[in-house]
Amino acid sequence: MLNLNYKTILKVALPLMASSFIQSIVLLTDAAFISRYDKTSLSFDAVGNGGLIYITMFMALVGLSDGSQIIIARRIGQNNTNAIGRIFGTSIIAHLSLALLLFLFIQLVMPDFLMSYSKHKDLGRLQLDFISIRSYALFFALFTLSIQAFFLANGKTWVVLIAALINASSNIVLDYVLIFGKFGLPEMGLKGAAWANTISDGLAMTFLVIFIIFSAERKTMQLFKHFSFNFKSFLELFKVGSPLMLQSFIALATWTVFFTWIEQVGKFELTVSQNIRSIYFLAFVPIFGFSATTKTYISQYIGRKEFHSLKKIQQRIQLLTILFLLFFFHGALFYPEFLINMVNPNELYSEKSAEILRFVAISIFLYGTVSVYFQTINGSGNTFASFIIEVICVGVYMLSAFLLIKVFHLDIFWIWSVEYIYFGMLGLLSISYLYFFNWQKKIV
């Protein structure tokens, strides 16, 4: 059982933040290599938009693994270790089924769909080249996410960190080798970036599979003794995980649509926005790390019926989130030009990109504060409520983006103001639910 002191919270959160930071470095490396490989920014935009499509599909799997994490953490809090193996086995089968469906959608449906809505067909074809290769990583992700959910629920987050280090280090090397054609290998450009991402995901998965086979938890929790597909466990996972799955998918799909609309405005606006997106992920380092920590803490303490501790959990994690945001993302406020030039050295886009990055930076601090309330709802198992909140926020976000882009045709600077609308709505609805609804009676 996790203690509620700052040291223990950081012990759980820091490896997750380091993992997120490493993934952010991977994204920055991809962007930096591609922007220097293709001076026209065409490949840079294609990797950005194609990567968003993949992440949208990937986040559906993440939502399902979040459900598994919440349930396993709850059973750990209840000291019901016999149920964990069944939940784990059921999670892998459920992830496999979903990964197969997503893979078939990308391979069979996405090509015609993507080309139909792309204003610039050359950009659309490059996106297809990237995503068709990248989609194979979904089969690595299903094992990676299932195993990560188990260790996150148990508070053993350093395992996730090691997997991220393997992923990042191999990806950086493979990016350089495959994009530019080094050490006798062919120059593959954009396709090289896709293969580098995919192969590095496979290496990280291999580490996690080997680690869990030889882990102490496999024995103490009799993980494989009770490993099976269990229909009751599936229903429980579906009840908790399906809203999270849809929630994650919808959130990223909305961002994908947002960037599609920007692509229809113009290539300049798209490249500027891809610059912002690349830097944006630095802000998610502490937010993602403390979000996963919040779910684990809330779920374990609810499992022990210690509801009086929840407010203290929220306050301490909020404070730590803001402090670490200042550390990781202060550059967006004080030297955005440097960050932008690190990703894309093309001076044509630097000034506008830096201007927008400074403008949206404050919205990230708003998100860091309110995300703790939203993750409290998820950690409590009331995932249908969090799904409804997400749907409302996404609806308002899409309406606002449509008006700003399609109706009023505003400058790209003001289009990015939708971030304030989304994060503000998320906080308002999450706080309202926790304070005005009797949610504790709906605990799983």
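This section describes the confidence, helices, pockets and selected residues of a predicted model.

Residues are numbered from 1 along each chain as its sequence is written, and side-chain values use heavy atoms, with hydrogens and water left out. Because the model is predicted, local features need pLDDT of at least 70 and side-chain atom pairs count only at pLDDT 80 or more, whereas totals for chains, interfaces and linings use all residues. The pLDDT is the predictor's confidence in each residue, from 0 to 100. Its mean over the chain is 88, and 98% of the residues reach 70 or more. Where pLDDT is low, the predicted coordinates should not be read in detail. Helices (H or I, at least four residues) and strands (E, at least two) are DSSP runs, numbered from the N terminus.

Helix H2 (42–77) contains 36 residues and spans 50 Å from its first C-alpha to its last, close to the expected 52 Å at 1.5 Å a residue. The expected span of a helix is 1.5 Å times one less than its number of residues. H2 is mostly covered, with 35 of its 36 residues buried; buried means under 20% relative accessible area, exposed over 50%, and partly exposed in between (1.4 Å probe, protein chains only). After H2 comes Asn 79, with a positive phi near 60°. Helix H3 (82–117) likewise has 36 residues and a span of 50 Å between its first and last C-alpha, close to the expected 52 Å. H3 bends by about 55° at Met 110, and a proline, Pro 111, follows within four residues. The bend at a residue is the angle between axes fitted to the seven residues ending there and the seven starting there.

Pockets were located on a 1 Å grid over the protein atoms alone; a cavity is a set of points where a 1.4 Å probe fits but cannot get out, a pocket is an open set with protein on both sides within 12 Å along at least five of seven lines, and lining residues have an atom within 4 Å of a point. Grid points are joined across faces, edges and corners, and a volume is the space filled by probe spheres set on the points. The largest pocket holds about 190 Å³ of space. H2, H3 and helix H9 (231–265) each supply at least two residues of its lining, and H9 gives the largest share, five residues. Met 110, where H3 bends, is one of the lining residues, which also include Phe 105, Phe 113, Tyr 117, Phe 249 and Thr 256. By class, this lining has nine nonpolar, three polar and no charged residues. Ala, Val, Leu, Ile, Met, Phe, Trp, Tyr, Cys and Pro count as nonpolar, Asp, Glu, Lys and Arg as charged, and the others, Gly among them, as polar.

The second largest pocket holds about 150 Å³, and its lining includes Phe 307, Lys 311, Tyr 373, Leu 434 and Trp 439. Helix H11 (310–329), helix H14 (347–379) and helix H17 (418–436) are the elements that give two or more residues to this lining. H11 contributes the largest share, three residues. The lining of the second largest pocket comprises six nonpolar, three polar and one charged residues by class.

Most residues other than glycine have a negative phi, and most peptide bonds are trans. Phe 183, in the loop between helix H6 (158–180) and helix H7 (190–213), has a positive phi near 55°. Phe 183 counts as exposed because its relative accessibility is 74%. Lys 305 has a positive phi of about 65° and is found in the loop between helix H10 (267–303) and H11. At 60% relative accessibility, Lys 305 is therefore exposed.

Ile 9, in helix H1 (residues 6–37), counts as buried because its relative accessibility is 0%. Val 272, in helix H10, is buried, with a relative accessible area of 0%. Val 272 and Asn 197 are 75 residues apart in sequence and 23 Å apart in space, C-alpha to C-alpha. Thr 254 is found in H9 and, at 6% relative accessibility, counts as buried. The C-alpha atoms of Thr 254 and Met 398, which are 144 residues apart along the chain, are separated by 7.1 Å.
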